[in-house]
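Please read the following note beside the sequence and the model. The points are numbered so that each may be checked in turn.

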Amino acid sequence: MFTTLRVNTLRDTRVNIREHVQSQIDKQYSERNQVAPIITEHPILGDTLVIPSNGPMHIQPVAKKVIVGLGCGVAVLRGANVFAQGVMGAPKNMSQGDTVSVHADIDGSCKKGFVQNFEGASVFVGNGIIEIGRRDLFCTAESEKVRGVALRMTEPLYEAPSLSDLSSEIVFPQNLPSIVCVHVLDPQPGERILDMCAAPGGKTTHIASLMKNQGRVVALDKSASKREKLLTNVHQWSASCVEVYTFDSSRCIQSDADITGPPPYPTGSFDRVLLDAPCSALGQRPSCRNKMTLAEVKSYPALQRKIFTKAVEAVKEGGVLVYSTCTIPVEENEHQVAWALQQFPCLRLDQQTPNVGGQGRQDNMLTDEQCTLVQRLDPRCIATETPTVNSDTIGFFIAKFVKLNYRNAAT
Ligand SMILES: C[S@@+](CC[C@H](N)C(=O)[O-])C[C@H]1O[C@@H](n2cnc3c(N)ncnc32)[C@H](O)[C@@H]1O
């Protein structure tokens, strides 16, 4: 029910950016004949704006039915219009100006260009008006196909802001827990920070903002295909203190390495390390279907431990290590913290600021005190009658460790 935007404090103040975004949202909603929501400033996070949504609306599907891909349907639930690439099936007589109902194909069984009445599993996400007719969408050569908005949502199931119109230089649409996570890391100007799993760069750009672009942020990601998006986000944000490398973080520390330039780096090189780990991502919302196998879900803890081991080596004594996931199983969260504390006596769990979430899940792996030190954002464990911006979030987990020197660790 809430959209959160992180503002670019490297470029302007939150007040100025809020006014600018409010005028864009007012225009957007008036074009849709909807009442624009008031954008507020998050009371705890000094760089965050909050836009409330409205819904579910009481609307009925109309006769003409358009099938869109699942990813597109999920985006519509978050306020997007339907872009040409997202349309899978549409009736033969569909033309510009028609009102249609939009259904997301849950199983991915609808073939591009489908004309029959689709009988696969689908979810209704709202009604809209066709801007690009069937012929242009499906009947032209690939190279001539039109791009852009194919269907403007006039009656979405949820009234939420469309974020594609907002300037990516001044706001970064980001889930609230991800914003909280970097505040917990608390990077300071002049420090050396390692972001071990950085793409697409949501947290990297935030780290640069909090450091006022002073210091050095090393952003690693193993995936070469995600490099472009990471670089684009870093450049659009003017995050000039960031260095981006395509690199496997489980190999990023080597005792005889040089601290300058690309990885690997010597042990204890960084003041703070963020391990926003690859995970099963079961906390993501909205979500209509998950195709992951159980074997895949179960593969993550071992990978997380492998990278975590390097994270401990990367951080200097007295430095901070933040471990986070956007998933909910205890095996990737509380159990990993228990393992880390046992495996690395130099680590101590630290208090988190801000802490807007709930405690860790109690299942005998962590003590009661340790459960209060980790932060679990999970709409199921923060039971509020009315959803708030801090409770109605994606599922997320944050643990903050301090690396003691060995003498302190032993006492
Ligand atoms: C949860 S996402 C990171 C999101 C990112 N921190 C952000 O806020 O935008 C996890 C990332 O880990 C990367 N990854 C997976 N294994 C890795 C490894 N061994 N070394 C570095 N990156 C890895 C994936 O490519 C993916 O981009």
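1. The protein chain is divided into domain 1 (2-54), domain 2 (65-156) and domain 3 (174-410); these bounds come from an automatic or database domain assignment. The centres of domain 2 and domain 3, taken over C-alpha atoms, are 37 Å apart. This is a predicted model: local features need pLDDT of at least 70 and side-chain atom pairs count only at pLDDT 80 or more, while totals for chains, interfaces and linings use all residues. Residues are numbered from 1 along each chain as its sequence is written.

2. The largest nonpolar core has 78 residues. Such a core is a set of buried Ala, Val, Leu, Ile, Met, Phe, Trp, Tyr and Cys residues joined through C-beta atoms within 7 Å. A residue is buried if 20 or more other C-beta atoms lie within 10 Å of its own, exposed if 12 or fewer, and partly exposed in between, with C-beta atoms placed from the backbone. Helix H4 (residues 176-185) gives the largest share of this core, 7 residues. Domain 1 (2-54) and domain 3 (174-410) both contribute residues, so the core lies between them. Helices (H or I, at least four residues) and strands (E, at least two) are DSSP runs, numbered from the N terminus.

3. Val273 and Leu275 have the most contacts inside the largest core. Two residues are in contact if their C-beta atoms, placed from the backbone, lie within 7 Å. Not counting residues up to four places away in sequence, leucine 275 touches Met196, Cys197, Ile307, Phe308, Ala311, Leu321 and Tyr323. Apart from this core lies another, of 28 residues, including Ile67, Val74, Val102 and Leu137.

4. What covers helix H2 (residues 70-77), of which 7 of the 8 residues are buried? The covering elements include strand S4 (65-68), strand S5 (82-83), strand S7 (99-105), strand S8 (122-130) and strand S9 (149-156). Among the buried residues of H2 are Leu70, Val74 and Leu77. Just after H2, glycine 79 takes a positive phi of about 105 degrees.

5. The ligand is surrounded by 20 residues, of which the closest are Cys197, Gly202, Lys222, Ser249 and Asp276. A residue is near a molecule if its C-beta atom, placed from the backbone, lies within 6 Å of it. Helix H5 (202-210) and strand S12 (216-221) are the elements that give two or more residues to this shell. Strand S12 is itself mostly covered, with 5 of its 6 residues buried. Strand S11 (residues 192-195) pairs with S12 in the parallel sense over 4 bridges, and leucine 194 stands opposite valine 218 in S12. Two strands pair if DSSP finds at least two bridges between them.

6. An open sheet of 4 strands has the order S2-S3-S1-S10, with antiparallel pairing. Its edge strands, each pairing on one side only, are strand S2 (40-41) and strand S10 (171-173). Strand S1 (residues 2-7) and strand S3 (residues 48-52) run antiparallel and are joined by 5 bridges; threonine 3 stands opposite isoleucine 51 in S3.

7. The peptide bond from glycine 55 to proline 56 is cis, with omega near -5 degrees, and proline 56 lies in the loop between S3 and S4. Another cis peptide bond joins threonine 353 and proline 354, with omega about 0 degrees. Serine 238, although not a glycine, has a positive phi of about 60 degrees; serine 238 is partly exposed, with 16 other C-beta atoms within 10 Å.
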